[in-house]
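Work through the exercises below with the model open. Try each task before you read its solution.

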Amino acid sequence: DLSAKSSSLGGGVYVKKGSFSMTSGTISGNKSEKEGGGLYVEGASGSLAPLSITGGSITGNTAGADTTSQTSNGGGGIYAYYANVTITGTADKSITISDNTTDGYGGGIHFSTGTTGTVSYGTIKSNTAISRGGGVYTAGDSSITLTSCSLQNNTCSSTAGYGGGLCDDASSGTTTLIGGSVTGNSATNGA
């Protein structure tokens with residue numbers, strides 16, 4: 001388990017131009033000053049960094065210097081930039097991403113530019129972002145599919161916040177939801 005760590009990027013885990021695989025355990029209680037409170041993964045254009053999570057949980061992490069104004073791009077739980085993300089749970093045991101916070105975008109997960117990925121049987125709950133995407137935020141040309149996921153009780157706390165459960169800002173990418181549920185989320189614009 002990785003807990004109670006602090007850094008500028010990737011409070012718990014920082015991966016640049018490498019790969020990361022998690023099969024069990026917990027990433028919790030970590031803090032980054034900028035992006036990726038729990039986990040930060042960065043690849044490059046044409047060389048996406050592989051990120052695989054098939055077990056465990058990411059909970060109670062924080063990205064950003066404070067919680068009253070935006071100082072970071074976000075990703076309280078996970079920040080993925082030029083990454084190939086595969087988060088795969090099962091109907092009996094989902095992957096939990098919960099109680100993470102950011103003063104930026106994506107309280108639970110921030111899928112940034114160049115990122116492709118799938119999330120299957122994920123429980124993304126009780127995460128908070130000030131600006132956009134309390135649970136999940138997608139940006140730029142990211143292409144993300146969420147299948148049989150539960151987005152619940154996530155919050156955008158700003159009066160100008162967008163997408164309590166999910167905010168799709170992937171202007172040249174795609175965000176797809178297949179099955180699952182989106183319940184109990186809150187934001188001023190689009191819960």
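**Exercise 1. A charged pair**

Which residue's side chain meets that of aspartate 169 in a salt bridge?

Solution. This is a predicted model, where local features need pLDDT of at least 70, side-chain atom pairs count only at pLDDT 80 or more, and totals for chains, interfaces and linings use all residues. Residues are numbered from 1 along each chain as its sequence is written, and side-chain values use heavy atoms, with hydrogens and water left out.

Step 1. Apply the criterion: a salt bridge needs a side-chain nitrogen of Lys or Arg within 4 Å of a carboxyl oxygen of Asp or Glu.
Step 2. Name the partner. It is arginine 132, at 2.6 Å from N to O.
Step 3. Aspartate 169 sits in strand E23 (residues 166-169), and arginine 132 in the loop between strand E18 (128-129) and E19; the two are 37 residues apart. Strands (E, at least two residues) are DSSP runs, numbered from the N terminus.
Step 4. Check exposure. Buried means under 20% relative accessible area, exposed over 50%, and partly exposed in between (1.4 Å probe, protein chains only). Aspartate 169 has 27% relative accessibility, so it counts as partly exposed. Arginine 132 is also partly exposed, at 27%.

**Exercise 2. Tyrosine rings**

Task: classify the aromatic pairs of tyrosine 40 with tyrosine 79 and of tyrosine 105 with tyrosine 137.

Solution. Step 1. Set the rule. Rings of Phe, Tyr and Trp (its six-membered ring) pair if their centres lie within 6.5 Å; planes under 30 degrees apart count as stacked, over 60 as edge-to-face and the rest as tilted. The structure holds 4 such pairs.
Step 1. Take tyrosine 40 and tyrosine 79. Their centres are 5.5 Å apart and their planes lie at 0°, so this pair is stacked.
Step 2. Locate this pair. Tyrosine 40 lies in strand E7 (residues 39-42) and tyrosine 79 in strand E11 (residues 78-81), so the contact ties together parts 39 residues apart in sequence. Tyrosine 40 is buried at 5% relative accessible area. Tyrosine 79 is buried at 6%.
Step 3. Take tyrosine 105 and tyrosine 137. With 4.8 Å between centres and 40° between planes, this pair is tilted. Tyrosine 137 belongs to strand E19 (residues 136-139), while tyrosine 105 is in the loop between strand E14 (101-102) and strand E15 (109-111).
Step 4. Look for a cluster. Tyr14, Tyr40 and Tyr79 form one.

**Exercise 3. Nonpolar core**

How many residues does the largest nonpolar core have?

Solution. Step 1. Define the core: buried Ala, Val, Leu, Ile, Met, Phe, Trp, Tyr and Cys residues joined through side-chain atoms within 4.5 Å.
Step 1. Give the count. The largest core has 27 residues, and those with the most contacts inside it include Phe20, Ile78 and Leu146.
Step 2. List partners of isoleucine 78. Not counting residues up to four places away in sequence, isoleucine 78 touches, among others, Leu39, Ile87 and His110. Contact means heavy atoms within 4.5 Å.

Notes:
Helix = DSSP H or I, 4+ residues; strand = E, 2+ residues; numbered from the N terminus.
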